[in-house]
Amino acid sequence: MSALPQSWVASANTGVTDFPLQNLPYGVFSTASQPTPRVGVAIGDQVLDLAALEAAGVLKAGDTDTAVFAQPSINAFVSLGSAAWRATRARLTSLLVTQGDGALRDNATLRAQALVPLADATLHLPVQVPGYTDFYSSKEHATNVGTMFRDPANALLPNWLEIPIGYNGRASSVVVSGTPLHRPNGQIKLPDQPRPIFDGCRKLDFELETGFIVGRDTSLGESLSVEAAEAAIFGMVVLNDWSARDLQQWEYVPLGPFNAKTFGTSISPWVVTMEALEPFRVAGPVQDPQPLSYLQQQGKHAFDIELEVLMQAEGDAQPTSICRTNFRHMYWSMAQQFAHHTVSGCNVRVGDLMGSGTISGPTPDSFGSLLELTWNGKHPITLSGGAKRTFIEDGDTVVMAGWCQGDGYRIGFGEVSGKILPAKAKSAG
């Protein structure tokens with residue numbers, strides 16, 4: 001086996017960093033000295049300023065003369081298409097690999113300008129999100145929820161094995177990791193009361209998900225095959241789709257969740273490209289019955305992505321790991337989700353975000369929500385400081401991480417974290 005390519009950025013070669021030469025995820029950052037947000041890639045413990053490379057003539061994306069990296073989102077770059085994605089990744093690799101092009105490595109002035117310590121960078125939402133769709137594609141999660149709230153013998157509804165279930169909404173409340181969120185207010189139907197009350201959520205939860213970023217526009221009436229859909233995915237993020245379980249239980253019939261989900265969805269600040277994830281492609285679960293023809297796939301369409309959730313009560317010295325699972329468990333693939341999204345003729349836009357739905361595995365410690373981990377509050381979990389939790393309390397911080405483990409390297413997403421603040425003063429009712 002050939003030696004793993006190394007970077008002259010020494011921190012990229014540790015074997016444990018999320019951001020080795022083999023990753024090069026895209027994000028948007030600013031610094032105190034240059035507060036204008038622009039596009040960068042993570043390499044080791046540094047951010048490489050692509051706008052600076054672009055301005056210096058060292059990096060050019062596609063055939064456009066527009067400065068695509070001096071932008072507050074990656075959308076302009078993503079819109080250039082897959083050929084530009086591949087060429088830019090190849091150029092960045094050549095600039096960063098030890099024995100590669102010396103245009104950056106050997107230019108001390110440009111290095112000082114273009115390499116920024118991650119510790120000095122403020123990370124922003126990497127994508128302008130025109131639309132957000134959330135799916136419900138983990139068989140284990142859907143079975144657990146159906147078992148809890150319906151007949152355990154018929155936990156999955158008849159359509160679940162035939163169709164990637166999803167719903168649209170709330171792109172405006174997608175936020176970047178580190179953004180605190182207030183506990184939502186809304187209607188709650190207590191079991192001993194004839195009518196609902198208006199109050200702060202009492203069963204606040206996380207949902208461990210990933211999301212993928214749409215890499216091309218489609219026109220109204222156009223549909224994509226699963227092959228075309230897969231080719232149109234730019235990259236992935238780790239996603240926490242916060243959920244107000246008690247609000248949802250009251251409102252979801254007949255049209256699904258609304259206020260239970262609208263108050264916030266957190267994503268990781270780095271978008272890991274599908275090219276970086278390609279070595280970790282694996283077979284997904286067997287689909288039975290065989291999907292309808294437009295959803296049928298051959299080959300490997302899942303990805304071996306390890307996922308973890310940590311929770312920390314205010315005042316605790318360290319977080320507690322409460323869940324470990326893997327994206328490979330997902331029943332419906334991203335390509336199937338995307339193709340089904342367009343089959344009606346619904347048009348998509350560059351930057352659209354599509355969430356996987358809660359990712360749960362087959363064992364109790366791999367369940368991707370507190371609803372499942374505590375079985376709707378019946379089995380509290382204990383955090384490192386001794387506090388017990390059935391759902392999220394004010395002051396709690398939830399941290400999610402994802403990574404693919406290679407031979408001597410890992411492809412990481414960084415973290416997506418969020419702290420829950422008290423509900424704001426209730427103004428409705």
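This is a predicted model: local features need pLDDT of at least 70, side-chain atom pairs count only at pLDDT 80 or more; totals for chains, interfaces and linings use all residues.
Figure 1. The number of salt bridges between domain 1 and domain 2 is one. A salt bridge joins the side chains of Asp18 and Arg410, with an N to O distance of 3.6 Å. On the side of domain 1 that touches domain 2, at least two residues each come from β1, β2 (38-43), α2, α3 (82-96) and β5 (122-124).

**Figure 2. The interface between domain 1 and domain 2.** The protein is divided into domain 1, residues 10-124, and domain 2, residues 132-421. The centres of the two domains, taken over C-alpha atoms, are separated by 29 Å. Domain 1 contributes 26 residues to the contact and domain 2 contributes 23 residues. Between them, domain 1 and domain 2 bury about 2,000 Å², of which 66% is on carbon and sulfur atoms. Within domain 1, the residues that lose the most area to domain 2 are Asp18, Tyr26 and Trp85, which together make up 24% of what that side buries.

**Figure 3. The aromatic pair of Tyr26 and Phe234.** A search of the whole structure finds ten aromatic pairs. The ring centres of Tyr26 and Phe234 lie 5.8 Å apart and the ring planes stand at 55 degrees, so this pair is classed as tilted. Distant parts of the chain are linked by the pair: Tyr26 belongs to strand β1 (residues 26-30) and Phe234 to strand β14 (residues 233-240), 208 residues apart. Tyr26 and Phe234 are both buried.

**Figure 4. The aromatic pair of Phe77 and Phe234, and the aromatic cluster.** Phe77 and Phe234 form an edge-to-face pair, with 6.1 Å from centre to centre and 85 degrees between the planes. Because Phe77 lies in helix α2 (residues 75-78) and Phe234 in strand β14, the pair ties together parts that are 157 residues apart in sequence. Phe77 is buried, as is Phe234. One aromatic cluster is formed by Tyr26, Phe69, Phe77, Trp85 and Phe234.

Figure 5. Leaving aside residues up to four places away in sequence, Gln336 touches Pro164, Val226, Gln287, Pro291, Leu295, Gln297 and Tyr331. A polar atom of the Gln336 side chain lies 2.8 Å from the backbone oxygen of Leu295. Thr382 is 46 residues from Gln336 along the chain, and 38 Å separate the C-alpha atoms of these two residues.

Definitions and conventions
Residues are numbered from 1 along each chain as its sequence is written. Side-chain values use heavy atoms; hydrogens and water are left out. Rings of Phe, Tyr and Trp (its six-membered ring) pair if their centres lie within 6.5 Å; planes under 30 degrees apart count as stacked, over 60 as edge-to-face and the rest as tilted. Helices (H or I, at least four residues) and strands (E, at least two) are DSSP runs, numbered from the N terminus. Buried means under 20% relative accessible area, exposed over 50%, partly exposed in between (1.4 Å probe, protein chains only). Domain bounds come from an automatic or database domain assignment. Contact means heavy atoms within 4.5 Å. Buried area is the accessible area (1.4 Å probe) that two parts lose on being put together, summed over both. A salt bridge is a side-chain nitrogen of Lys or Arg within 4 Å of a carboxyl oxygen of Asp or Glu. A polar contact is a pair of N or O atoms within 3.5 Å; within protein, one must be able to donate a hydrogen and the other to accept it, and residues adjacent in sequence count only if both atoms are side-chain atoms.
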